[in-house]
Amino acid sequence: METPEERTNCIISNRSPVESAQSTPSPIPPAEPEHIQRMLQACHKAKESAYCPYSNFRVGAALLTREGKIYSGCNVENACYTLGICAERTAIQKAISDGSRNFRAIAIASDLTSEFITPCGACRQVMREFGADWDVYLTKPNGTYIVQTVRELLPLSFGPEDLQKM
């Protein structure tokens, strides 16, 4: 029997069948298989453009809008370390600057082989700005991936709707 790491294009969630059955359906429909494949290919391709002379930690991201458009991004480091930007935020900022604000999914790629790449806390919060129920595909170079929602990656989060509660 193959392990999840040996399978390609697998989806794993930390939600139990009971939680999945009891949860409210997401208002964001899941991405179609062809969009998922395009997104996965785009995030690995974006990784090739990473500018990371200090960490040598290449990351690529591909963001899928609800309209089906994909925006890619890579990490860009800076000698003044705090001015660098992650791949996920690069892709989101490209989409926003092009007028897109409704996202279905994002895929993230790196060269990590021992574990799936995960977004940093800042990227999780930026993703959360645009909703909690869209999918995040965490990949490995061998083609395997797991899927989590933004809500699963950033539980008990703060979002734009919280500003209306005052």
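**View 1. Helix α3 and its packing partners.** The buried residues of α3 pack against β1 (59–65), β2 (70–74), β3 (103–110) and α4 (121–128). In α3 these buried residues are A87, E88, R89, T90, A91, I92 and A95. Buried means under 20% relative accessible area, exposed over 50%, and partly exposed in between, with a 1.4 Å probe and protein chains only. A contact means heavy atoms within 4.5 Å. Just after α3, G99 has a positive phi of about 95°. The model is predicted: local features need pLDDT of at least 70 and side-chain atom pairs count only at pLDDT 80 or more, while totals for chains, interfaces and linings use all residues. Residues are numbered from 1 along each chain as its sequence is written, and side-chain values use heavy atoms, with hydrogens and water left out.

**View 2. The whole protein.** The protein has 5 helices and 5 strands, in the order α-α-β-β-α-β-α-β-β-α along the sequence. Helices (H or I, at least four residues) and strands (E, at least two) are DSSP runs, numbered from the N terminus. Of the 166 residues in the protein, 42% are buried. Among contacts between residues at least 6 apart in sequence, 65% join residues at least 24 apart.

**View 3. The second largest pocket.** About 230 Å³ of space lies in this pocket. A pocket is an open set of points on a 1 Å grid over the protein atoms alone, with protein on both sides within 12 Å along at least five of seven lines; lining residues have an atom within 4 Å of a point. Grid points are joined across faces, edges and corners, and the volume is the space filled by probe spheres set on the points. The second largest pocket is lined by 18 residues, of which V59, N75, I85, C86 and A87 lie nearest its centre. Helix α3 (residues 87–97) gives the largest share of this lining, 3 residues.

View 4. C74 counts as buried, at 13% relative accessibility. For C120, the closest cysteine sulfur is in C123; the distance is 3.7 Å, again too far for a bond. C120 is partly exposed, with a relative accessible area of 32%.

Key:
1 Å grid on protein atoms, 1.4 Å probe; cavity = no way out; pocket = protein on both sides within 12 Å on 5 of 7 lines; lining within 4 Å. Disulfide = S-S within 2.5 Å.
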